[in-house]
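Here is a short note for a colleague who is new to this structure. Please read the points with the model open beside you.

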Amino acid sequence: MGSIVNIALKSIKKAMHDKMFIGVILIFIIILPSLPILLYGDGTAQGHLKLYLTYSLYFIMFFVSITAIFISCMSLNEELEKKQMFLLCTKPVEKWKIVLGFWLGAVLITLILIIAAALINYGGIKWIISRYEPSLSALEMDKIKEQLLSSRKSVYIEQPDIKKIVSAQIADYKKEHKGESFDYQELEKKFKRKIFYETFCVPPRYEKKWTVKGLNNLKTDTVTIKFKYFSSEKPKDATISAEWSFGDPLKARQQNYYLEKSPEIYHSFNIPVSAIDKDGNLLISFTNLDNSYLTVIFPEKNGIEIMFHAGSFFVNFCKSYLLIFCQICVLCAIGVFFSSFLSFPVAVLMSLFMYALGTQATYFLNLLTQSGSSPFEIINTMGNEKLSFLIISQKIIAYMIYAFPHLDAISPVPYITDGRVIEINFLLRSVFIIIFVKSGFFLLTGSLIFNRKEIARVIV
Amino acid sequence: MSNAVVKTHNLTKIFKDFWGRNKVKALDKLSIEINRGEVFGLLGPNGSGKSTTLKLMLGLLFPTKGKVSIFGKPVNNTAIKEKIGFLPEESYLYGYLTAKETLFFYGNLFDISRNQIKKRTPQLLEMVGLGKVGSRPVREFSKGMTRRLGLAQALINDPELIFLDEPTSGLDPIGTKQIKNLITEMKNRGKTILLCSHLLADVEDVCDRIAILYGGKIRVMGKVDELLSKHDSLQLNLPELKPETLKQIKCLIEKTENASNITVEHPKDRLEKFFLKVIEQAVVDKSETAGANVLATEKEIPEIPETTEHNSKTNKKIINDLLNKEN
Ligand SMILES: Nc1ncnc2c1ncn2[C@@H]1O[C@H](COP(=O)(O)OP(=O)(O)OP(=O)(O)O)[C@@H](O)[C@H]1O
Ligand SMILES: [Mg+2]
């Protein structure tokens, strides 16, 4: 442990003596405080704050990631090229400790940067609020704080287990039509569509009911309903009228609302918690009253969401920086890994490639598997399709992407800009998977490569 | 249990090119044994495989064929490195660390207590003549100063076995002399030293045994005294004689011994000694230098730090002898 820290501290000393590095950091430190002024938005307090929250976080994440990549890519190979490794490797230090030391050094240097950025970022938020506070009413201020500077949890309407239902239906179908041949995929598609219609589509003058579970022990007076829907055609008056009612009249106080809202964008409104029954269930019923008789279609995911307060913004803010730190850990591991066998420019190139792929990993995975699911599901569906070269190579690439660090999955931006709580379970899982499993994988492979390396060989 | 600290058997190293084709046979079936407490010199022209041998022994290169063992263990064993010191052909140090930080950094990689390192650091710096520049960054050092620091670094753990690859390259004559004394002192303290050098005179003075490499193969190996003693000529040192006396002596030898190749010369004052005298004067005059303070006055002569109780007076004595000889 001592030698790991010793090597890490040496890396920090090196960074402190690097004029270029210090210069870049200074520029960063100068740009950051000017962001609240530059990202002005539409001039409203809400617009200003939202824009700042989003882009400052993106900017910090991007800058810190690039720094981590450059520092870590310059670690092992630089010492190999300058032959300083001759001395290090003839001291009683295991090779894996050297690799870990360089990783820790890169992580610590970036950590200093992250802490500075977090302080300036938080200061920026406070500054924007203080700027608008005198001119806003308490009510307006509360609204901003509730929507942006909060830490809200959310639950969604219960999803039907489509897979299970479909496979049961297909089994029934098979029993009924014994001996007949049928197109499996076609049938599956048909049943899936049917369930979707039954669950998420509301024809004109029809009522649809959903239950939301898990709203126990709320410590607030109101919960926020956030929804988005589509219409079968473009409505003439640009809105769709509907009646919403919340709460099962037999178990809680029912609340009714008549709303005319436009399709395709998110809307939200508050309802009192009295609509929730004592088991924490909320019954939502939606009646399509549109005058032009259009069908309303809710999206399969995140169509209706119920949000409520859970924790403070400050805690959430700290958690979001912990997520950024996770990202840095894995990027440093990737950089050190590449620097164990590549020259600096090539290592940077490869790391940047991995970084770019990592920030889009979920998207690529969706593209390849259509389901965005884990490889176990990919295997399960394998038998149902005709195996072609294309499909096999798709699967292999999907596997490889799955092994990648999914940086987009741990990005704090959607949480912070939406005022959503970063759940502690999610945080711990991310820390575990990203730092221990994925960083560990890269560091272990890097150590193995470095261990088998002839230190005094000329690097070609 | 044999007495050999370093043992190689048929050690062969072939450097390959990018495509895996054999290119350079740097070392060919080298088998040597270096015993405890011995100073072993590895000589040879440039590119004869001296540095390659050292790197193989330290695990920086992997042998193509053959075996190396140090303290009876394979070289990739980390534990044996606690007892090893290494000065590479060039001092590959970190420019951004100061001399003190450098010693601290390397010292902390060993299983030595921090207090011990704190104590040894200034002593070592003093010993290699860098006592006054300990807090300057290494990138500002001259070649010789870096070399001296490299040497201090190799001794930070008070090693049992020391590999020195051309320790005197880039050093001034006094530094060279000091290193020679240092090696002798180490030897007196029972350390084993493997030394590569081109300065034959120095090797001759300090080494017990030498091996001469040529093209990766051993040409000669053996005890220095035995290798160098000539049995067919003699040297007489006499005070200044009158020409007649000299003539008489020459006649006498010619008559009785029937020898013809007799030469008469004055013993020359060696340049090294002359240089020493000049610098000694400068030190006595207390002239300032921004570089390495090569030799201190009699009172300030540095001592080698040790972990065990030992007579560290030897170094001092040798330097004193050296200075006083002429007077
Ligand atoms: N990393 C390497 N790759 C390829 N060839 C090498 C490498 N290192 C050394 N050699 C070759 O091996 C041979 C021996 O080199 P080595 O450095 O051991 O010589 P040396 O005896 O130390 O010479 P010098 O007196 O100049 O220090 C040389 O021909 C050299 O070209
Ligand atoms: Mg050499």
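1. Start with a term. Two residues are in contact when heavy atoms of theirs lie within 4.5 Å. By that rule, Ser75(A) touches Phe102(A), Val336(A) and Ser339(A), not counting residues up to four places away in sequence. Please keep in mind that this is a predicted model.

2. Stay with Ser75(A) for a moment. Ser75(A) sits in the loop between α3 (45-73) and α4 (76-81) of chain A. Is Ser75(A) buried or exposed? Its relative accessible area is 6%, so Ser75(A) is buried. The side chain of Ser75(A) also reaches back to the backbone oxygen of Ser72(A), at 2.6 Å.

3. Next, the interface. On chain B, 26 residues are in contact with 28 residues of chain A. The two chains bury about 2700 Å² between them. Carbon and sulfur atoms account for 68% of that area. Across the interface of chain B and chain A there are 10 residue pairs in polar contact, both residues at pLDDT 80 or more. Helix α2 (residues 99-108) of chain B gives the largest share of the side of chain B that touches chain A, with 4 residues. By class, that side of chain B has 16 nonpolar, 3 polar and 7 charged residues.

4. How many salt bridges are there between chain B and chain A? The count is 2. In one of them, the side chains of Lys13(A) and Glu101(B) meet at 3.8 Å, N to O. Lys13(B) forms a salt bridge with Glu454(A), and the closest N and O atoms are 2.5 Å apart. This pair crosses between chains: Lys13(B) is in strand β1 (residues 4-16) of chain B, and Glu454(A) is in the segment after α16 (424-451) of chain A. Lys13(B) is buried, with a relative accessible area of 4%. Glu454(A) is buried as well, with a relative accessible area of 14%.

5. Now salt bridges in general. Over all chains, a search of the whole structure finds 22. Glu79(A) pairs with Lys10(A), the closest N and O atoms being 2.7 Å apart. This pair links distant parts of the chain: Glu79(A) is in helix α4 of chain A, Lys10(A) is in helix α1 (residues 2-16) of chain A, and they are 69 residues apart. Glu79(A) has 3% relative accessibility, so it counts as buried. Lys10(A) is buried with a relative accessible area of 3%.

6. Another salt bridge joins Glu207(A) and Lys209(A), with the closest N and O atoms 3.5 Å apart. Glu207(A) is partly exposed, with a relative accessible area of 41%. Lys209(A) is exposed, at 51%. There is also a network of salt bridges, which links Lys226(A), Glu305(A), Asp418(A) and Arg420(A).

7. On to the aromatic rings. The count is 39 aromatic pairs over all chains. Phe227(A) and Tyr229(A) form a tilted pair, 5.4 Å centre to centre with 35° between the planes. Phe227(A) and Tyr229(A) are both buried. They belong to one aromatic cluster, which also holds Trp210(A), Trp244(A), Phe246(A), Tyr257(A), Phe269(A), Phe286(A) and Phe298(A).

8. Why is the pair of Tyr94(B) and Phe105(B) edge-to-face? The cut-off is planes over 60 degrees apart. The planes of Tyr94(B) and Phe105(B) stand at 80°, with the ring centres 5.7 Å apart, so the pair is edge-to-face. Tyr94(B) is in the loop between β7 (84-87) and α2 of chain B, while Phe105(B) is in helix α2 of chain B, 11 residues apart. Tyr94(B) counts as buried at 0% relative accessibility. Phe105(B) is buried too, at 4%.

9. Two backbone points deserve a look. Glu264(A) has a positive phi of about 75° although it is not a glycine. Glu264(A) lies in the loop between β7 (255-261) and β8 (267-272) of chain A. With 51% relative accessibility, Glu264(A) counts as exposed. Glu166(B) is not a glycine either, and has a positive phi of about 50°. Glu166(B) is placed in the loop between β8 (161-165) and α5 (173-188) of chain B.

10. Leu111(A) and Ile328(A) are 217 residues apart in sequence, and 8.3 Å apart in space, C-alpha to C-alpha. Leu111(A) lies in helix α6 (residues 95-132) of chain A. At 25% relative accessibility, Leu111(A) counts as partly exposed.

Note on methods
Residues numbered from 1 in each chain as written. Chains lettered and ligands numbered in written order. Predicted model: local features only at pLDDT ≥ 70, side-chain atom pairs only at ≥ 80, totals over all residues. Heavy atoms only, no water. Buried area = accessible area lost by both parts, 1.4 Å probe. Salt bridge = Lys/Arg side-chain N within 4 Å of Asp/Glu carboxyl O. Polar contact = N/O pair within 3.5 Å; in protein donor to acceptor, adjacent residues only side chain to side chain. Nonpolar A, V, L, I, M, F, W, Y, C, P; charged D, E, K, R; others polar. Phe/Tyr/Trp six-rings, centres within 6.5 Å; stacked < 30°, edge-to-face > 60°. Buried < 20%, exposed > 50% of the residue type's maximum accessible area, 1.4 Å probe, protein only.
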